[in-house]
Amino acid sequence: MEVIIKSNYDEICGEAAGIIQQEWQKKKNLVLGLATGITPLGIYREIIELHRKNEIDFTDVIVFSLDEYLGLEKDHPQSFAYYMKENFLKYVNIKKENIFRLEGKPADIETHCQEYEEKIKSHGGIDIQILGIGRNGHIGFNEPGSSLSSRTRVKTLAEETVNDNARFFKNEQDVPRFCLTMGIGTVMEAKMIILLASGKNKSEAVFQCVEGPVTASLPASGLQLHPQVKILVDEEASSSLTRKEYYKWVFQNKDRVKDHLK
Ligand code: GLP
């Protein structure tokens, strides 16, 4: 795991957008896995800005959404389809046929989930998966207890998640109780994973994710088994990490590795 600690939220978003742009330069038909939540909004803003300055182009880019509430139509203001369109996709030149997402109202849940997995594979897999993290350590909507090898499927939201998400709905009873989400096994097949966390309320989840044991009880900890994960955190979100100074040291010196070969 590469832990990158920046002083504030804007800096982690700038760093994440920079990584995505660099990867796009190497592969113009980049396959991106997109997450929702407040945290990734800054990355989308940065990428939109790069696109406006002609520094990234979406003609061949393909996107897959990570999750969706079950029961919401795609134009429901709280659906993740709506979020993705309004906060990102409508501002870039992505082709409609290159946007893949989980349906809130699929005709058949199992078939839909299986087809989603197949679609990801048919595009050569996800190159970069963007992730946020829930306070209980969930990634996507893989709540604590989710199998670390789970695939795209229906999940019941944890009470904590329902409460956290209630702020986005008029009434608490309107908050969906179920969702569809890529599984942890699905996420783990992405070639690179960028997890972003900001603020004190994420510091315990970040600590468990990076320095705790690998356990299904803290789904994000499964990422420790992935070969290319970047954990981008601001000072507050990194405040419980015990090896903070080491991570900073590694980041400051990473360009000096090559010097040792001269
Ligand atoms: C939801 C999403 C996750 C996201 C999490 C944290 O549960 N399904 O993908 O990481 O919320 O969201 P936020 O960034 O708003 O804290």
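Q: How many helices and strands are there in the protein chain?
A: This is a predicted model, in which local features need pLDDT of at least 70, side-chain atom pairs count only at pLDDT 80 or more, and totals for chains, interfaces and linings use all residues. Residues are numbered from 1 along each chain as its sequence is written, and side-chain values use heavy atoms, without hydrogens and water. Helices (H or I, at least four residues) and strands (E, at least two) are DSSP runs, numbered from the N terminus. On that basis the protein chain has eight helices and ten strands.

Q: Why is the protein chain described as being as compact as a globular protein of that length?
A: The radius of gyration is taken over C-alpha atoms, and the globule rule is 2.2 Å times the number of residues to the power 0.38. For 262 residues the rule gives 18 Å, and the protein chain is as compact as a globular protein of that length because its own radius of gyration is close to this, at 18 Å.

Q: What does the C-alpha trace of the protein chain span along its principal axes?
A: The extent is given along the principal axes of the protein chain. For the C-alpha trace, the span is about 60 × 40 × 30 Å.

Q: Which residue has a polar side-chain atom 2.6 Å from an oxygen atom of the ligand?
A: A polar contact is a pair of N or O atoms within 3.5 Å. The side chain of Asp-67 has an N or O atom 2.8 Å from a nitrogen atom of the ligand, while Ile-133 places a backbone N or O atom 3.3 Å from a ligand oxygen atom. The polar side-chain atom at 2.6 Å from an oxygen atom of the ligand belongs to Lys-202.

Conventions: A polar contact is a pair of N or O atoms within 3.5 Å; within protein, one must be able to donate a hydrogen and the other to accept it, and residues adjacent in sequence count only if both atoms are side-chain atoms.
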